[in-house]
Amino acid sequence: MKPEEYVEQAIDIAVEAGIKIRDIYLKGTFEKEIKSDNTPVTSADIAAHNIITSALQALTPDIPVLSEEDANIPFSERKDWQRYWLVDPLDGTGEFIAGSGDFSVIIALIEHNRPIMGIVYVPMTEVCYYAIAGLGAYKRDGQSEVRIMSRQLPDDQDPPLKLAVSRRQDPQSVLKLFSHTKHCELIVLGGAALKSCLVAEGKADCYVRIGPTGEWDTGAAQIIVEEAGGQIMDIELQPLSYNERESLENPNFIVVGSPHLAWDVLLTAES
């Protein structure tokens with residue numbers, strides 16, 4: 001099956017998980033634990049994980065599922081996967097706990113170590129971003145759907161940049177990476193995938209992530225950004241890879257809407 005043949009079913013699965021997350025969020029009663037990597041997990045993460053993995057296994061029994069909440073699959077087993085689902089049941093668990101509403105459900109389809117389909121669903125606004133390789137990136141809001149494109153800045157050595165930053169990140173840690181850029185506007189938002197989608201739809205020009213993330217944080221966002229005309233790279237401006245190492249941790253990365261700009265010049269400070 002081609003990705004376009006089951007993208008709608010995958011979106012429905014993301015929405016179902018999102019409804020469950022929203023219900024738990026609005027009730028305000030959830031369990032919270034700290035995982036071995038010192039990151040939080042809640043009963044909403046686990047509930048969404050159970051919904052998504054069960055539904056994906058029923059939809060495509062021959063395609064394995066790698067979820068953040070069940071990622072202890074040895075590389076010796078997964079290295080031979082030609083195609084698999086990559087899932088973050090609740091991206092932005094910290095935002096969920098803090099009550100900001102800035103969190104999402106992420107489902108990506110990876111083929112030959114590259115994302116070929118991605119879905120980012122936002123439970124609190126019911127907005128869905130999705131993309132399929134070669135078929136474009138889209139934003140669905142209620143009954144309306146539009147194709148999204150990243151903002152292409154003029155080829156300028158000092159373009160005015162809109163930088164997406166996290167509420168949980170010191171803005172100065174981002175600004176120092178652009179120490180020679182005179183015009184920077186900060187856009188504050190939670191959730192890594194949501195900030196990437198801001199770049200994809202042209203509301204931000206760049207998002208830099210310094211700090212640990214997993215491959216599930218970027219898989220769906222990467223294909224959405226690429227199909228919108230942008231790019232996700234590590235800080236050395238090399239492409240991200242998927243399921244090619246024992247570790248599933250990403251390097252620091254940058255999401256850009258205008259790949260043609262000289263980002264190696266704009267990123268003037270050491271990370």
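Modeller: Start with Leu-90, which is buried at a relative accessible area of 1%. Buried means under 20% relative accessible area, exposed over 50%, and partly exposed in between, with a 1.4 Å probe and protein chains only. This is a predicted model, where local features need pLDDT of at least 70, side-chain atom pairs count only at pLDDT 80 or more, and totals for chains, interfaces and linings use all residues. Residues are numbered from 1 along each chain as its sequence is written, and side-chain values use heavy atoms, with hydrogens and water left out.

Colleague: Where is Leu-90 found?

Modeller: In strand S4. Helices (H or I, at least four residues) and strands (E, at least two) are DSSP runs, numbered from the N terminus.

Colleague: And which residues is Leu-90 in contact with, leaving aside neighbours within four places in sequence?

Modeller: Ile-21, Thr-42, Ala-44, Asp-45, Phe-96, Phe-103 and Ser-104. Contact means heavy atoms within 4.5 Å.

Colleague: What about Gly-92, buried or exposed?

Modeller: Gly-92 counts as buried, at 15% relative accessibility. The loop between S4 and H4 holds Gly-92. Not counting residues up to four places away in sequence, Gly-92 touches Asp-102, Phe-103 and Gly-191.

Colleague: Where does UniProt place the feature "binding site"?

Modeller: The unreviewed UniProt entry puts "binding site" at Glu-68, Leu-90, Asp-91, Gly-92, Thr-93 and Asp-217. They are spread over 150 residues of sequence but cluster in space, with a largest C-alpha distance of 12.2 Å. The lining of the largest pocket includes Glu-68, Leu-90, Asp-91, Gly-92, Thr-93 and Asp-217. UniProt positions follow the numbering used here, feature names are shortened, and annotations may be inferred rather than shown by experiment.

Colleague: What volume does that largest pocket have?

Modeller: About 1,000 Å³. Of the 37 residues lining the largest pocket, Asp-37, Thr-39, Glu-68, Pro-212 and Asp-217 are the closest to its centre. A pocket is an open set of points on a 1 Å grid over the protein atoms alone, where a 1.4 Å probe fits, with protein on both sides within 12 Å along at least five of seven lines; lining residues have an atom within 4 Å of a point. Points are joined across faces, edges and corners, and a volume is the space filled by probe spheres set on them.

Colleague: How do its lining residues divide into nonpolar, polar and charged?

Modeller: The lining of the largest pocket has eight nonpolar, 13 polar and 16 charged residues. Ala, Val, Leu, Ile, Met, Phe, Trp, Tyr, Cys and Pro count as nonpolar, Asp, Glu, Lys and Arg as charged, and the others, Gly among them, as polar.

Colleague: Switching topic. How is the chain divided?

Modeller: Into domain 1 (3-147) and domain 2 (161-266). The C-alpha centres of domain 1 and domain 2 lie 19 Å apart. Their contact takes 44 residues from domain 1 and 29 residues from domain 2. The bounds come from an automatic or database domain assignment.

Colleague: And the second largest pocket, what volume?

Modeller: About 180 Å³. Its lining has 13 residues, with Val-122, Thr-125, Tyr-129, Leu-189 and Leu-194 nearest the centre. H6 gives the most to this lining, three residues.

Colleague: Why is H6 largely enclosed by the rest of the structure?

Modeller: Because nine of the nine residues of H6 are buried. Among them are Ala-192, Lys-195 and Cys-197. Just after H6, Gly-202 takes a positive phi of about 85 degrees.
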